[in-house]
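Hi everyone, thanks for coming. Today I'd like to talk about charged side chains that pair up. Have a look at this one with me.

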Amino acid sequence: MTCRRSILLTAMIALLQLWPLAASAHLRSSSGPHTGIAIAEISHGEMIMIAEYRDRIIDLAARATDTNEPFRRVFNYAQIQHAYCLWGKMPGGVTDEASPFNECSHAYLAATKAVLLSMRSMGGEAVEAETIVSAIDAGMVLRGLALITCQFSGEAFNTADVIRPSWKDVPLHPASLATLTALAAAILALVYCGRRLLRWIAP
């Protein structure tokens, strides 16, 4: 058996070992009573446009100085959810309703939208925030995204809840399964090559 096939086999075994733990995890977790800040739902069409402008929105929010606690909590939640959703890197996470990462994508993009709308009332950020809002509105009209919805389009969120990917559905979504398997194989390959290198340079 070749080294490459051995690594892929090991990666699959590792994923299967982690599967019972992942499958038993709840999609939504709360740290206690619902004392967080409510975040309005986001439509599927809005998600696509907000995702394209996310970096610009987050950069603007990070530079904001005239902020309050609710704004900072929603901004922090948007970043935490983005990390939980594997930084938006999973294929189809935003555009594919069947993706196990679609609901958590709704969460971080809904929070990003809330951050953007809040900045329209901030003195230093209002002009750029309005420019982004106008660009998003125009993009939705030009691309016919305004009426596109999905199963999570009416779902509101709360900063007290963390939305995790639906790990149990990963095997049913070929793109996600292939990406995670490739990632696991790459990590194992790096570990293997690193150990070989250390053995080679060791006295």
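I'll go through some of the salt bridges here, pair by pair.

Just so you know, what's on the screen is a predicted model. If you search the whole structure, you get six salt bridges.

Let's start with Glu52 and Arg143. Their side chains meet in a salt bridge, at 2.9 Å from N to O. And where do Glu52 and Arg143 sit in the chain? Glu52 is in helix 2, which covers residues 44-63. Arg143 is in the loop between helix 5 (126-142) and strand 3 (157-158). So this pair links distant parts of the chain, 91 residues apart.

Okay, next pair: Arg56 and Glu128. This salt bridge comes in at 3.6 Å, N to O. Again, distant parts of the chain get linked, with Arg56 in helix 2 and Glu128 in helix 5, 72 residues apart. Arg56 has a relative accessibility of 35%, which makes it partly exposed. For Glu128 the value is 27%, and that counts as partly exposed as well.

Now for Asp169 and Lys168. Their side chains form a salt bridge at 3.4 Å, N to O. Asp169 is partly exposed, at 24%, and Lys168 is partly exposed, at 45%.

One last thing: salt bridges can share partners, and here that joins Arg56, Arg63 and Glu128 into one network.

That's it from me, thanks!

Key: Residues numbered from 1 in each chain as written. Predicted model: local features only at pLDDT ≥ 70, side-chain atom pairs only at ≥ 80, totals over all residues. Heavy atoms only, no water. Salt bridge = Lys/Arg side-chain N within 4 Å of Asp/Glu carboxyl O. Helix = DSSP H or I, 4+ residues; strand = E, 2+ residues; numbered from the N terminus. Buried < 20%, exposed > 50% of the residue type's maximum accessible area, 1.4 Å probe, protein only.
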